[in-house]
Amino acid sequence: MRHLLLMATSIGIATLSACGDKDDTGASAPFEAGEFLFTNTAVSDACLDGGFTVLFLPEGDGSESDWAYPIELPGWDSLPASYSIQLQEPFSSMEITVTDGGTDQLAMAGALQSGVVFNEDSYPDCTVDLSIDATINIETSTTVTGQAFMSVSNASGDTCPVFNGTPCQVALDFYGSRK
C-alpha cells in the first residue's frame, strides 16, 4: 500500500511539473504575451442534446473547427488584463478579463455575448445570451489547451426550441498554437 501511495504521489508530482516550459531550476518559465490560433475539438451540450454543436463544430462531432481570428493572450506580468477579442459570426467582439488561474493556467470569468443568433438555418429568429467562463492551460510557450463554459439564457424569438433549462450549460474544448 505504501508503494502504491508513493507511486501515485510521484505520478501526481510528475504531472504537475510537466505543465508549461521549465527553466534550469525546474520552475515554470514566464509565459509571454502573444497571439494564438485556436481550434475547437469537442462540445458538451446540456442545453439541446447536441443542438449547439453546429455553432462550434459545423462539420459535426469528431471534427475540429478553427477560430476565424487569432486571440491575444497576456503574459504573466500583465495579469489581470482586460481587453476586447473578436469572435466569428454569429458572435461579435467581446470584452474579457484574464486572470491568473493557478499553476500554468489563465482564467476568464463572466464575459458576455448578448443576442447571439442560435442556428440561423433551423431557428431564424432565435437569439440567446451567453455568459462565458474559460480556463486556458499553458502546455508550452507556444501551445495551450482549454475549456470554455457557456451559460445560455434569455432565449427569445418565435422559432426557439425548448432548452433543457434556463440557464443551461455548454462546454467547449479547444487548443491553441502561438501565431
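Modeller: In this predicted model, a disulfide joins cysteine 126 to cysteine 160, with a distance of 2.1 Å from S to S. Cysteine 126 lies in the loop between strand E6 (105–117) and strand E7 (127–138), while cysteine 160 lies in the loop between strand E8 (143–156) and E9, so the pair ties together parts that are 34 residues apart in sequence. The link of cysteine 126 and cysteine 160 is right-handed, with 105° about the S-S bond. Cysteine 126 has a relative accessible area of 0% and is therefore buried.

The structure holds 2 disulfides. The other is formed by cysteine 47 and cysteine 168, whose sulfur atoms are 1.9 Å apart. Cysteine 47 belongs to the loop between strand E1 (34–45) and helix H2 (53–56), and cysteine 168 to strand E9 (residues 168–178), so this pair ties together parts that are 121 residues apart in sequence. The disulfide of cysteine 47 and cysteine 168 is right-handed because the torsion about its S-S bond is about 110°. Cysteine 47 and cysteine 168 are both buried. When bonded cysteines are counted along the chain, the disulfides follow the pattern 1-4, 2-3.

Along the sequence, the elements follow the pattern α-β-α-β-β-β-β-β-β-β-β. Of the 179 residues in the protein chain, 35% are buried. Among the contacts in the chain with a separation of 6 or more, 56% are between residues 24 or more positions apart.

Leucine 106 lies in strand E6, and its relative accessibility of 1% is why it counts as buried. Beyond residues up to four places away in sequence, leucine 106 touches a set of residues that includes Phe31, Leu73, Trp76, Val98, Ala134 and Ile138. The C-alpha atoms of leucine 106 and glycine 75 are separated by 9.5 Å, and the two residues are 31 residues apart along the chain. Glycine 75 has its place in the loop between strand E3 (71–73) and strand E4 (81–85). With a relative accessible area of 0%, glycine 75 is buried. Apart from neighbours within four places in sequence, glycine 75 is in contact with Phe31, Glu32 and Ala33.

Most residues other than glycine have a negative phi, and most peptide bonds are trans. A cis peptide bond, with omega of about -5°, joins threonine 166 and proline 167. Proline 167 is in the loop between E8 and E9, and cysteine 160 also lies in the loop between strand E8 and E9. Another cis peptide bond joins glutamate 89 and proline 90, where omega is about 10°; proline 90 lies in the loop between E4 and strand E5 (94–102). Positive phi values occur at asparagine 154, near 55°, and at aspartate 104, near 50°. Asparagine 154 is found in strand E8, whereas aspartate 104 lies in the loop between E5 and E6. Aspartate 104 is buried, with a relative accessible area of 8%.

The structure holds 2 cavities of 30 Å³ or more, and the largest cavity has a volume of about 430 Å³. Its lining comprises 30 residues, of which Trp67, Ile85, Leu87, Met94 and Leu172 lie nearest the centre of the cavity. By class, this lining has 26 nonpolar, 4 polar and no charged residues. The largest pocket has a volume of about 220 Å³. Among the residues that line the largest pocket are Glu89 and Pro90, together with Val54, Leu55 and Asp121. The lining of the largest pocket divides into 5 nonpolar, 1 polar and 3 charged residues.

A word on confidence is needed. The protein chain averages a pLDDT of 83, and 84% of the residues score at least 70. Over residues 1–27 the pLDDT is below 50, and this stretch has 22 contacts in the model beyond near neighbours in sequence. Where pLDDT is low, the predicted coordinates should not be read in detail.

Key. Residues are numbered from 1 along each chain as its sequence is written. This is a predicted model: local features need pLDDT of at least 70, side-chain atom pairs count only at pLDDT 80 or more; totals for chains, interfaces and linings use all residues. Side-chain values use heavy atoms; hydrogens and water are left out. A disulfide is a pair of cysteine sulfur atoms within 2.5 Å. Helices (H or I, at least four residues) and strands (E, at least two) are DSSP runs, numbered from the N terminus. Buried means under 20% relative accessible area, exposed over 50%, partly exposed in between (1.4 Å probe, protein chains only). On a 1 Å grid over the protein atoms alone, a cavity is a set of points where a 1.4 Å probe fits but cannot get out, and a pocket is an open set with protein on both sides within 12 Å along at least five of seven lines; lining residues have an atom within 4 Å of a point. Grid points are joined across faces, edges and corners, and a volume is the space filled by probe spheres set on the points. Ala, Val, Leu, Ile, Met, Phe, Trp, Tyr, Cys and Pro count as nonpolar, Asp, Glu, Lys and Arg as charged, and the others, Gly among them, as polar. pLDDT is the predictor's confidence in each residue, from 0 to 100. Contact means heavy atoms within 4.5 Å.
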